[in-house]
Amino acid sequence: MATILTDTSRTFSEYLLIPRLTRAGQGVDTVNLASPLGVVEQNRLSRFSVNIPVVSACMQSVSGADLSIALARQGGLSFVFCSQPIDSQVEMVRQVKAHKAGFVLSDSNVQPSTTLAQLIELMRRTGHSTVPVTDDGSATGKLRGLITDKDFWEYEDDLSRPVEAHMTPMSDVIFGSDGISLREANRLLHQHKKECLPILDADGRLTSLVFKKDYEDHRLNPLELLDESKRLCVGAAINTHDYRDRVPALIEAGADAFCFDSSDGFTEYQFEGIRWIREQYGEGPIIGGGNVVSAEGFDYLVEEGGVDFLKVGMGGGSICITREQKGVGRGQASALLDVVERRDAYFEETGRYIPICSDGGLANDTQIVIALSMGADFVMMGRYFAMTEESPTPKTSINGQMYKPYWGEGTQRAQNWQRYSDGMASRKMLFEEGVDAYVPLVGPVSEVLETTLYKLRSTMVNVGADTLAQFRERAILTLVSEQSVVEGGTSTVFQFSTTRDAEEGRWGGAR
C-alpha cells in the first residue's frame with residue numbers, strides 16, 4: 001500500500017514569526033540582504049551571490065530582457081525563459097550583458113545619409129533621443145557625429161534631408177578613448193555639460209556610450225548586480241531536451257547562472273543534464289536544479305547530481321494547477337521545511353552549504369518574509385514581476401484599469417510541452433498544468449521591490465537579525481488558527497480603501 005505521511009501539508013499563511021530582541025543601534029539601513037546562489041564550500045565564499053534574495057521565474061510572461069535589466073539594477077537576478085528558440089534567448093542575454101556599469105553598447109545608430117524621417121521613426125521605436133552617426137550605421141562603425149532630438153524640428157524641417165545636415169560633426173564631439181575609467185568618463189560629461197559621451201577605439205570606431213542619466217541611475221541603485229567586467233548579471237533557464245546546444249550558446253553570450261526549468265526535477269533526465277554540464281565545463285557554471293518537494297529529491301540532485309542551488313515547490317504558483325490536474329505536489333511551507341532540514345543536515349555532514357530557492361506559494365510580501373525565515377536563501381516569483389512595467393507582455397485596459405496578460409509555462413499558449421513531456425520532446429500537450437489570466441499593472445520593478453524589501457528589513461530588525469543567515473537562525477515560528485487570523489485583521493473598524501491599499505494586497509498568489 002502507499003506510504004502515508006502523518007504531517008499536514010501546510011502553507012506560509014499558517015505561520016507567524018515571534019519577535020526577538022532588537023538591539024540598540026539596529027535599523028533597516030543596517031540590514032544586509034545579500035544571499036548565495038552558488039554552493040558555499042567550507043571556509044570559502046560562494047562563487048556567485050545576489051544582493052537581494054529575489055529572482056524572477058523562468059516564464060515567457062515574466063523574464064524578458066527589460067525585466068532582467070531592471071531586476072539586476074536592484075540587486076536581483078532574472079532567469080530568461082527557455083521556451084523559445086536558442087537564438088532569441090541568447091539575444092536576450094546579450095542585451096542584458098551589453099549594460100556595463102555605465103558603458104552601454106549603442107543599439108540605435110544611423111548613417112550620415114539616413115533621412116530625418118527615418119531617424120524619427122528609429123527614435124520613436126527605441127525611445128532614444130541621442131543617436132550616434134557612424135559610417136556604416138552599425139554600433140561599431142567609425143563615428144561621424146551625434147544627433148539628438150534637439151538638433152531638428154520635426155514639424156518645421158524638411159524630413160527628407162540627411163542626418164549629416166543636422167548632426168553635431170566629429171570636430172565638435174566630446175569623446176573618450178577606449179579603456180577610460182567610468183569615473184573619468186563621468187568627469188568629462190560633467191566638465192563639458194554633456195548628456196552622452198561616445199567611447200572610441202584608436203581607429204575612431206565606436207565601442208560604447210556613457211550617459212549622464214546612467215550615472216544618476218547608478219547612484220540611485222547602489223546594489224546593482226554586476227559581473228567582474230562591470231556588466232549586469234543575468235541568468236538563463238534551460239531544459240532537459242536541448243541543453244547540449246543551448247548551454248554552450250548561453251555561456252558564449254555571457255549568462256551568469258543556469259536554472260533547469262521543470263515542474264518536477266526529481267528525474268533522471270535532469271540528473272543527466274546536470275552531469276553533462278559538469279563534464280563539459282567543470283565546476284564553473286552555476287547550476288540550479290529542481291523543482292523538488294522532499295528531502296529525497298534534495299539528496300538525488302545534490303549528492304549525486306551536483307547542483308549549486310535547488311528550487312523547492314510544486315503546484316503552488318498562482319497560475320499552476322498541477323495539484324488539481326494530477327494530484328501531485330505539496331504545501332509550499334511543508335515542502336520548504338522538509339528540504340531545508342535535509343540541507344542543514346547535509347551541511348553538518350559535509351561542510352557544503354546548498355542555497356535553497358522557494359518557488360511558488362507566495363501570496364503577499366509577508367509570505368516572502370516567512371519563506372526566508374524558514375530557511376530559503378532566496379525566492380523565485382512570477383506574478384509579482386508579471387505585473388510590473390518591465391515585464392515583456394503588452395498593457396491592456398479592462399474597464400478603465402490597466403492589466404497585463406500572464407500565463408503559465410504549462411498552458412497551451414506557452415506551447416512549452418517539452419517541460420511536461422517526461423523526456424519525449426515530440427509529445428504534444430494533452431492537458432494543461434497552468435492557466436491563462438490577466439494581472440493588474442502596478443508600476444516599475446524598482447518601486448514594487450522598494451516596499452517589499454523595506455518590509456523584509458523591518459521584520460528582520462524585529463527578530464534581531466542583521467543578515468539573512470541570522471534571520472534563519474533566530475526565527476521562531478508559530479502556527480496560527482483561523483481566529484488568530486481574524487484577530488490580526490481590521491474586523492472591528494470601518495476602513496477606507498485607497499489605491500495604495502489595493503496595490504499592497506493585490507498580488508496574492510504570486511508564483
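In what order do the three strands of the open sheet run, and is their pairing parallel or antiparallel? In this predicted model, the order is S8-S9-S10 and the pairing is antiparallel. Strands S8 (130-134) and S10 (168-169) form the edges. Each of these edge strands pairs on one side only. Two bridges join S9 (residues 143-148) to S10, in the antiparallel sense. Within this pairing, Gly 145 stands opposite Pro 169 of S10. Helix H3 (residues 116-126) packs on the sheet. The helix touches S8 and S9, and its direction makes about 70° with that of S9.

A further antiparallel pair is formed by S12 (residues 196-200) and S13, over five bridges. In general, strands of a sheet pair through backbone hydrogen bonds. Leu 200 stands opposite Leu 206 in S13. The hairpin of S12 and S13 has five residues between the strands. There, Gly 204 adopts a positive phi near 80°. Strand S13 spans residues 206-211. Five of its six residues are buried, so S13 is largely enclosed by the rest of the structure.

The nonpolar residues were then examined. The largest nonpolar core contains 104 residues. Those with the most contacts inside this core are Leu 37, Leu 77, Phe 79, Leu 310, Phe 385 and Phe 471. Helix H13 (residues 445-462) supplies the largest share of the core, with seven residues. A second core is separate and has 12 residues, including Leu 122, Met 123, Val 133 and Met 167.

The surroundings of Phe 385 were listed without residues up to four places away in sequence.

Ser 334 lies in helix H10, which covers residues 332-350. Ser 334 has a relative accessible area of 8%. This value is under 20%, the limit for a buried residue, so Ser 334 counts as buried. Its contacts, again not counting residues up to four places away in sequence, are Thr 8, Ser 9 and Arg 10.

Methods: Residues are numbered from 1 along each chain as its sequence is written. This is a predicted model: local features need pLDDT of at least 70, side-chain atom pairs count only at pLDDT 80 or more; totals for chains, interfaces and linings use all residues. Side-chain values use heavy atoms; hydrogens and water are left out. A nonpolar core is a set of buried Ala, Val, Leu, Ile, Met, Phe, Trp, Tyr and Cys residues joined through side-chain atoms within 4.5 Å. Buried means under 20% relative accessible area, exposed over 50%, partly exposed in between (1.4 Å probe, protein chains only). Helices (H or I, at least four residues) and strands (E, at least two) are DSSP runs, numbered from the N terminus. Contact means heavy atoms within 4.5 Å. Two strands pair if DSSP finds at least two bridges between them. Axes are lines fitted to C-alpha atoms, for helices over the stretch in contact, and angles run from 0 to 180 degrees between N-to-C directions.
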